[in-house]
Amino acid sequence: MGDVTEKEMDNLTFKSDTVLSDVHLHCPNKSHLMVRLNAVGQPVFLSYFKFLWNTDDRASEKYARETTTEREHQYRSGDELTNKDGNNLKYEKELNSEGIEALLDEDGDLDVVRRPQRASDSETEDLMRDRVYPVILMRGRENAFEEQECACSSVVKIEHTMATPLEDVGKQVWRAAFLLADYILFKRDMFRSCTVLELGGGTGIASIIVGMIASRVYCTDVGEDLLAMCEKNVALNKHLMEPGGEIKVKELDWLKDEFCTDPEALYSWSEEEIADLHDHCTVIMAADVFYDDDLTDAFFRTLYRITHNLKHSCTVFLAIEKRLNFTLRQMDVTCEAYSHFRSTLNDLENLHDGKMKYSVEPIKPDFCQFLTYERIEQLELWKIMADRLT
C-alpha cells in the first residue's frame with residue numbers, strides 16, 4: 001500500500017454497510033483522528049481505556065467489592081435467578097417481554113423517546129445517558145505516550161478500527177468484552193495462575209485483562225490482519241501482565257475441526273502448544289461473538305470439541321449483548337441472534353452423551369466496574385461448568 005496522504009488521514013468516510021460499536025460511537029468528534037491505515041485500508045485508532053481505580057491496590061479492591069451493593073437495585077429482577085430449576089425460563093421471559101414492551105406504545109408501535117430541544121444545563125445532564133469517552137491518540141502528538149507514562153498502569157491501550165463490514169467486527173471493541181473484563185478483575189482469585197483460552201478474542205482486550213492474573217492465555221481468532229492487531233495490543237500492554245505470564249495469539253477457526261498446525265501460517269499451533277492447552281486449560285471465555293446463527297452453531301461445536309479433549313473439568317464464561325431489532329418478517333421487535341444463542345445454550349445443557357455434563361447458569365451483572373463503559377441492561381454474562389463423566 002502506498003503512503004497515506006494527510007487528506008486521506010483527515011477525511012474518514014463510512015459506507016452504509018458498515019457496523020459501528022457503541023463504545024466508539026460515543027467518542028468525541030475532535031478525537032476522531034486515526035493513527036494509520038491497516039493492510040486492507042481500514043482506519044486504525046489507538047485508544048486508552050481507563051481503569052476506574054488501581055487494580056493492584058488492595059484498598060481499592062476492597063472498596064470495589066463494597067460498592068457492588070450500590071448496583072443491586074438496578075437488577076432486582078435478577079434476585080429470582082437463584083432458583084436453579086425455574087430461573088432460566090423466568091429470566092428469559094423477563095428479558096424478552098419487559099425489555100421489548102418498554103419500547104412499544106399502547107398500539108404496539110415502536111416508541112422513540114426524543115430528548116427535549118431545550119433544557120437547562122442541569123436538566124440536560126439528568127436526561128443524557130452516561131457516555132464513554134476513551135482517549136484517542138491523535139496524529140502528530142509524538143509525545144502522547146510520554147504524557148501518560150506516569151499513568152501507564154491505569155489504562156489499557158488498544159488498537160482498533162471504528163467501523164467495519166460485519167465480517168470484520170472483531171476489529172472493534174464491544175461492551176460485552178468490558179463486562180467480562182470486570183468480572184475477571186472482580187473474581188481475580190478464580191483466574192489466578194490458570195491457563196485460559198479465549199475464543200473470538202478480537203482486539204484482545206479481554207485476554208489482556210485476564211493476562212494480568214492468569215499464567216498463560218491463548219487468545220484466538222481468524223484472519224491475519226485481525227490477529228496482527230491483537231498481537232500488537234498484547235505488546236502495547238506487556239507492562240500489565242502477570243510476571244512470568246504470557247499471552248499467545250493463535251488462529252482458531254470454528255468452521256474447521258482441527259487446530260491450524262501449518263508451520264507456514266503466522267499464527268499456527270505447535271504440537272506442544274496443543275498438548276499444553278489440553279493438559280492445563282481450566283477456563284474458556286468469549287465475549288460478544290453471538291451475532292450470526294451459523295457462527296453461533298460453529299462456536300458451540302468448537303466448544304464441545306475442545307472441552308471433550310481437555311484433561312480437566314473447565315469453566316466457561318460467555319458475555320453477550322442482547323440487541324433489539326425491528327424485523328419486517330415478524331413485524332415486531334425481536335432478538336433473533338440472542339434467541340438462537342439461548343436455544344443453543346439450552347441444547348448444550350440438555351446434552352447427554354455419557355462423556356460430558358454441562359451445567360449452565362446466568363451471572364448477575366451487579367458486580368462493580370473496573371473499566372469505564374456504559375453497562376446497559378442488555379449485557380449478560382453466562383457461566384458453564386463443563387465436567388468430564390469418564
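Visitor: In β4, which residue is the bridge partner of Ser 47?

Guide: This is a predicted model, in which local features need pLDDT of at least 70, side-chain atom pairs count only at pLDDT 80 or more, and totals for chains, interfaces and linings use all residues. Residues are numbered from 1 along each chain as its sequence is written, and side-chain values use heavy atoms, with hydrogens and water left out. Strands β2 and β4 (residues 155-160) pair in the antiparallel sense over six bridges; strands are DSSP runs of E with at least two residues, helices are runs of H or I with at least four, both numbered from the N terminus, and two strands pair if DSSP finds at least two bridges between them. In β4, the partner of Ser 47 is Ile 158.

Visitor: How many residues of strand β2 are buried?

Guide: Buried means under 20% relative accessible area, exposed over 50%, and partly exposed in between, using a 1.4 Å probe and protein chains only. Strand β2 covers residues 43-50 and is mostly covered. Of its eight residues, the number buried is seven.

Visitor: Which residue stands opposite Pro 43 in β2?

Guide: Strand β1 (residues 36-37) pairs with β2 in the antiparallel sense over two bridges. Their hairpin has five residues between the strands, and Gly 41 takes a positive phi near 85° there. Opposite Pro 43 stands Leu 37.

Visitor: Are the rings of Phe 191 and Phe 317 stacked, edge-to-face or tilted?

Guide: Rings of Phe, Tyr and Trp (its six-membered ring) pair if their centres lie within 6.5 Å; planes under 30 degrees apart count as stacked, over 60 as edge-to-face and the rest as tilted. A search of the whole structure finds 16 aromatic pairs. For Phe 191 and Phe 317, the centres are 5.4 Å apart and the planes lie at 45°, so the pair is tilted.

Visitor: How many residues apart are Phe 191 and Phe 317?

Guide: Both Phe 191 and Phe 317 are buried. Phe 191 belongs to helix α8 (residues 188-191) and Phe 317 to strand β9 (residues 314-321). The pair links distant parts of the chain, and the separation is 126 residues.

Visitor: What is the angle between the planes of Tyr 304 and Tyr 358?

Guide: Tyr 304 lies in helix α12 (residues 293-309) and Tyr 358 in strand β12 (residues 356-363), so the pair ties together parts 54 residues apart in sequence. Tyr 304 is partly exposed at 25% relative accessibility, whereas Tyr 358 is buried at 2%. The pair is tilted, with 6.3 Å centre to centre and an angle between the planes of 50°.
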